Amino acid sequence: MSLGVIETGLIIYGIITVYWTLLGTYMLVKTNVIGVKAAPLIILYSLSEWLVGRIMYIFFPEIPPHPILILSGILNAPQVILTTIYVYVNTGIIKIRWTRYLLLFSFYVGVNRLLTFIYRFSPLPEVLVLPVILSGWAGYPAWFYVYVKSNRVFTYKNASIIIALQILAWIVPVFMMYNLNQKYSLISLTQQILNYPITIITLIFLDRYRLRKVVEVSSSVR
Amino acid sequence: MYVEYEGLWIAGGHWLFAFAIIYWIWDDSQRHSKRAWPWILLISLGDPLGTYLNNIYRYEILPSRGVYPYLVPLFKYRSDYFIEPVWILDKIFFWNTFYNVVSWTIIYIVIFWIYLDCKRSNRRATPWISVARFIQIAPFPINYFIPLGGYTGQIFILVGYLLHKYGYLRRK
């Protein structure tokens, strides 16, 4: 039996994916980022995410790849949680109730994917810009729960400043798209740059909250 | 020929290392009660200018500029179109794949080892991890000014770390 180009390539890249997944999981377990019991789940998730992505690419290579856009957000959701909230919780920076957080985050993913589905026949760059902007508000319940309600990382005043900045970061691309008729390349550049202040402020406040807690704990020990 | 399907050849599993690196930076900063934000920011810069340039040529955008990539039938190899035969491109393609696997293995192992060594000796690992990661994913055009991608950069980081560890790179 001779294998075709796609089959051979997929086998080679499948082997590479298994290699990266095993090496990554080994490092995560060895440094106590995840427990041994969670390792098979992580391996299974990582492999299936790659496999589904490749199957989608083979069967839906049309322009733009809507089924891929819709499914990729759902598949990426666990990664987003693991690389942010799980890290903060496990390193003792914040505390949350997982059920409550996961419900709120699922709501965001649901709205995000629904909007991508609704906008699936939109012209470019609308299909790339609008679903992200419109579903952005749905992320706020989870964000607000983590940073304002459950942990006092932000005061209400600071939270409102960040939300205002975020709204500005959404308005500018829409204005560029409809009023200035700018190309998507420039809009995508602006979107990245407009997110910088929000990232910086969030990280600074998270650091201040974290270090303040350390000072409080050490002074109470004395 | 493999090069015809280049969009298909993406390996998974890399996100696990991004996850590990973010965790290690926060964990290390917690243990030493030091700021983490400049280091996290350094590796979260993305690539705005690169995004801008790539999106000019994004295949979904091309039809609006009068270019219809999907009207071109699947690539057919005709030897008179090429100076070199396609099997050479395939060889280069697989050589690059193999080189990337080796190179990124060295990169991840160096970062992993530095984190473990710092944890054992109660040193701060964050600056080393963050810079080691940054030089691999530096945005354009910084990556042109600091051309230390691949494992060459990690050798610099590893040598620098060892020199610092044994007291050669410290301020008097």
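## Polar contacts between the chains

A polar contact here is a pair of N or O atoms within 3.5 Å; within protein, one has to be able to donate a hydrogen and the other to accept it, and residues adjacent in sequence count only if both atoms are side-chain atoms. By that rule, chain B and chain A share 18 residue pairs in polar contact, both residues at pLDDT 80 or more. This is a predicted model, with local features needing pLDDT of at least 70 and side-chain atom pairs counted only at pLDDT 80 or more, while totals for chains, interfaces and linings use all residues. Side-chain values use heavy atoms, without hydrogens and water.

## The chain B side

On chain B, the elements giving two or more residues to the side that touches chain A are α1 (15–32), α2 (37–43), α3 (48–56) and α4 (86–120); helices are DSSP runs (H or I, at least four residues), numbered from the N terminus. α4(B) gives the most, with 13 residues.

## Size of the interface

In all, 57 residues of chain B are in contact (heavy atoms within 4.5 Å) with 65 residues of chain A. Together the two chains bury about 5,500 Å², 75% of it on carbon and sulfur atoms; that's the accessible area (1.4 Å probe) lost on being put together, summed over both.

## A look at chain A

Chain A has eight helices and zero strands. Of its 222 residues, 43% count as buried, meaning under 20% relative accessible area (1.4 Å probe, protein chains only). Among the contacts in chain A with a separation of 6 or more, 64% come from residues 24 or more positions apart.

Conventions
Residues numbered from 1 in each chain as written. Chains lettered and ligands numbered in written order. Buried < 20%, exposed > 50% of the residue type's maximum accessible area, 1.4 Å probe, protein only.
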